[in-house]
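Me: Please take a close look at one part of this model. I would like the salt bridges in detail, with the cut-offs spelled out.

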Amino acid sequence: MQASQSPPPDHLRDLREDDMPQAFKDLVSSLPSEEDWVINTLRLYQGFWFPSRLLNGIFNCQNHFQAHPSDILLVTNPKSGTTWLTAILFALLNRAKYSNSNSQRRHPLLTQNSHDLVLHLEHKLYLQQENPDLSALASPRLFVTHLPYSSLPQSVSDSKCKLVYLVRNPKDTFISMWHFFNKMRPEENGQIPIQECLDKFCRGVSPYGPYWDHVLGYQKASLEKPEQVLFVTYEQMKLDPHVHVRRLADFVGCPFSEEELGDGAVEGILRMCSFDNLSSLEVNKSGKLSNGLENKLFFRRGEVGDWVNYMSAEMGERIDGVMDEKLHGSGLKL
Ligand code: A3P
């Protein structure tokens with residue numbers, strides 16, 4: 001893979017290491033590295049492959065984020081349905097404000113992408129500032145992160161705040177990631193061959209990978225601390241969204257009342273956050289996130305099993321084989 005000659009856009013730019021303190025530069029350059037799927041570098045830190053350009057945000061977050069007991073963190077592997085669940089959790093937690101039909105029309109999800117409404121710890125908050133002031137955020141605070149369980153800031157487990165972990169079938173996650181990163185690559189670099197990505201994915205080299213270790217960390221935590229960690233799959237959400245939205249609401253401490261259930265509050269949230277609705281909104285067709293990424297990149301097909309359209313049976317079996325081996329004994333079948 002050739003590096004691009006022209007400077008990459010902001011959202012792809014590696015850390016400007018010249019601007020960083022020497023100790024940080026020394027630490028980053030001492031970490032094992034691999035080319036990522038776009039044009040940047042992944043660094044192996046605490047057993048996971050992190051995009052190099054995010055390491056500063058990760059260190060800041062680990063050093064400074066103070067979780068509150070009432071916080072809710074949505075955690076995912078990239079391309080597991082973060083955009084969808086972020087929207088659902090935002091709508092769930094803010095439903096009292098937008099419950100009548102007038103305020104439904106002014107719902108923030110109609111004019112803003114959910115990634116701008118729910119702040120990403122290491123992609124946004126702690127990447128832009130070493131220790132951002134979060135005191136103005138109303139409780140319960142909702143954040144999103146892709147950090148593995150073992151890399152979360154210490155205050156998260158100390159505070160006993162709630163973690164919702166969303167996992168998706170690895171073959172669909174892989175294909176979603178492959179599409180996403182192809183679109184992020186500068187045109188002159190062309191598509192990254194799927195076989196090259198598959199090799200990396202199966203070696204564990206993907207953003208925030210190894211995929212299986214990410215999943216296993218949260219699965220173990222959800223078994224040990226079910227009151228703190230909820231483990232949800234994208235496929236379950238697709239199959240029975242009504243049941244799972246109610247389960248989410250119970251878990252985050254804002255269950256639906258009988259009256260709300262009778263008034264169709266769950267259906268309203270699901271309609272608002274459906275793929276068809278969100279992807280058809282002007283903001284998600286032509287808007288951009290503050291880091292310059294186009295919102296439309298977060299909406300592709302939103303289906304279960306789409307991998308069959310891009311991978312041969314052998315390629316699928318290769319991922320299955322790796323997962324069988326790595327998840328063996330965990331009771332997990334994805
Ligand atoms: P596909 O590429 O398979 O279509 P993330 O939000 O973690 O980046 O994940 C993106 C994936 O979630 C994409 O999957 C995208 O289409 C899908 N997605 C986005 N919004 C969705 C929604 N409202 N319902 C279901 N899936 C959604």
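Reply: R300 is partly exposed, at 25% relative accessibility. (Buried means under 20% relative accessible area, exposed over 50%, partly exposed in between, with a 1.4 Å probe and protein chains only.) The side chain of R300 meets that of D306 in a salt bridge, 2.7 Å from N to O. D306 counts as buried, at 3% relative accessibility. A salt bridge here is a side-chain nitrogen of Lys or Arg within 4 Å of a carboxyl oxygen of Asp or Glu. The pair belongs to a network of salt bridges that links R300, R301, E303 and D306.

This is a predicted model, in which local features need pLDDT of at least 70 and side-chain atom pairs count only at pLDDT 80 or more, while totals for chains, interfaces and linings use all residues. Residues are numbered from 1 along each chain as its sequence is written, and side-chain values use heavy atoms, with hydrogens and water left out.

The structure holds 13 salt bridges. One of them joins R203 and E34, at 2.9 Å from N to O. This pair links distant parts of the chain, 169 residues apart. R203 sits in the loop between α9 (194-202) and α10, and E34 in strand β1 (residues 33-35). Helices (H or I, at least four residues) and strands (E, at least two) are DSSP runs, numbered from the N terminus. R203 is partly exposed at 48%. E34 is partly exposed at 22%.

K326 also forms a salt bridge, with E325; their closest N and O atoms are 4.0 Å apart. K326 is partly exposed at 34%, whereas E325 is exposed at 56%.
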